[in-house]
Amino acid sequence: MIFIDACFKKPTPYTPVWMMRQAGRYLAQYMQVRQEAGDFLSLCKDYKKASEVSLQPVDILDVDAAIIFSDILVVPLEMGMDLRFEKGEGPVFTKAISTLQDLERLEDQNAHKKLSYVYDALKLTREKLPQDKALIGFCGSPWTIATYIIEGKGSKNYAKCKKMLYQNPEFLHQILNKLTQVLKLYLQEQIKAGANAIQIFDSWANALEYDKFFEFSFDYMLEISHFIKTKYPYIPVILFPKGISGYLDKIDGNFDVFGVDWSTPLDLARDKLSHKYALQGNMEPCRLYSKQAIEESVKNIVKTMQNKAHIFNLGHGILPDIPVENAKYFIKLVKQSSLK
């Protein structure tokens, strides 16, 4: 698989490419399945439909990897939290975690077993996916998941989380540790079900100052990665902490690919990290609105990463109103422009 070879810094005939959120609302085929499912969580829990939408970008765009369709918050959901998705507001937890009693009520020993719909979707997707295409499993980082379960929903300033971080850091560590143990087992089951690679998303890494990022976010990501790499050395692990361009000097650990967001200069990440890791990223997602903007970015990124291990991707998720024609053009252009 060209994607897996690139993860392990092996030579590839061209730069492999996929897109975060590639199974999404910009595709009419996705919207049809989503409508049939009824709502977002129902789609996540219907393994046949989740598999169907995971495969759509491979069939329609010819990306080099599928990523399983799910959501990072199914983990706290199956740990016992009440989750709903509200239009215009996103995910909302009925009762946020604020006390030790709240935390103790969360299931940790068997929570991963309740996520069988994710494993079933992975198994079915791997069976249907062409052999040369990779299947990516994923989870949210403990810190990112913690922000949702402590705030009760998405946040702009993470005031409750950060208040806890500075007033009661021991309790925040207890929350993060509990999530970490569940996520290890969750990813292990994803690999057993057919995932060829694992990505850990830390969407809210840049909410933390330098030393707090490593203590409350990155160290837990590394603990999960080390667990996976020790048991499954042939499975590449991708870490994607968003918006930490100022912290790259201290990035080190047992993983294979570092995901670069669009706000981090790729040449900076290359100079700091490409001797240790393959890099993934980092085209600005809004460039997909314009073919000229796509051409400029693809040309620059291919030039920046020549002779370095690279997986082409957006610097974050594809937006819902991107023209499908532009997405197809992007994938094709990456493959043509990066031919060795």
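Where does K153 lie? K153 is in the loop between α8 (142-151) and α9 (159-167), where helices (H or I, at least four residues) and strands (E, at least two) are DSSP runs numbered from the N terminus.

## Basis of the model

This is a predicted model, in which local features need pLDDT of at least 70 and side-chain atom pairs count only at pLDDT 80 or more, while totals for chains, interfaces and linings use all residues. Residues are numbered from 1 along each chain as its sequence is written, and side-chain values use heavy atoms, with hydrogens and water left out.

K153 is partly exposed, with a relative accessible area of 36%. On this scale, buried means under 20% relative accessible area, exposed means over 50%, and partly exposed is in between (1.4 Å probe, protein chains only).

The C-alpha atoms of K153 and F93 are separated by 6.2 Å, although the two residues are 60 residues apart along the chain. Neighbours within four places in sequence aside, K153 is in contact with E89, P91, V92, T147 and Y148; contact means heavy atoms within 4.5 Å.

## Salt bridges

The structure holds 17 salt bridges, a salt bridge being a side-chain nitrogen of Lys or Arg within 4 Å of a carboxyl oxygen of Asp or Glu. One of them joins K133 and D62, whose closest N and O atoms are 2.7 Å apart. This pair links distant parts of the chain, 71 residues apart: K133 is in the loop between α7 (116-128) and β4 (134-140), and D62 is in the loop between α4 (47-61) and β1 (65-67). K133 is buried, at 7% relative accessible area, whereas D62 is partly exposed, at 39%.

A salt bridge also forms between the side chains of D102 and K95 (3.3 Å, N to O). D102 is buried, with a relative accessible area of 6%, and K95 is partly exposed at 49%. Elsewhere, salt bridges that share partners join D62, D64, K133 and K335 into one network. The side chains of D46 and K49 meet in a further salt bridge (3.8 Å, N to O); D46 is partly exposed, with a relative accessible area of 29%.

## Helix α11

Helix α11 (residues 210-231) has 22 residues and spans 30 Å from its first C-alpha to its last. That is close to the 32 Å expected at 1.5 Å a residue, the expected span being 1.5 Å times one less than the number of residues.

A kink of about 40° in α11 is centred on F218. The bend at a residue is the angle between axes fitted to the seven residues ending there and the seven starting there.

## The buried residue T12

T12 is found in the loop between α1 (2-7) and α2 (28-37) and is buried, at 13% relative accessibility. A polar atom of the T12 side chain lies 2.8 Å from the backbone oxygen of Y14. Residues up to four places away in sequence not counted, T12 touches I2, D5, A6 and K340.

## Cysteines

How many disulfides does a search of the whole structure find? The search finds zero, a disulfide being a pair of cysteine sulfur atoms within 2.5 Å. C161 is in no disulfide, and the nearest cysteine sulfur, that of C139, is 17 Å away. C161 is buried at 0% relative accessibility, whereas C286 is partly exposed at 38%.

Terms used. Polar contact = N/O pair within 3.5 Å; in protein donor to acceptor, adjacent residues only side chain to side chain.
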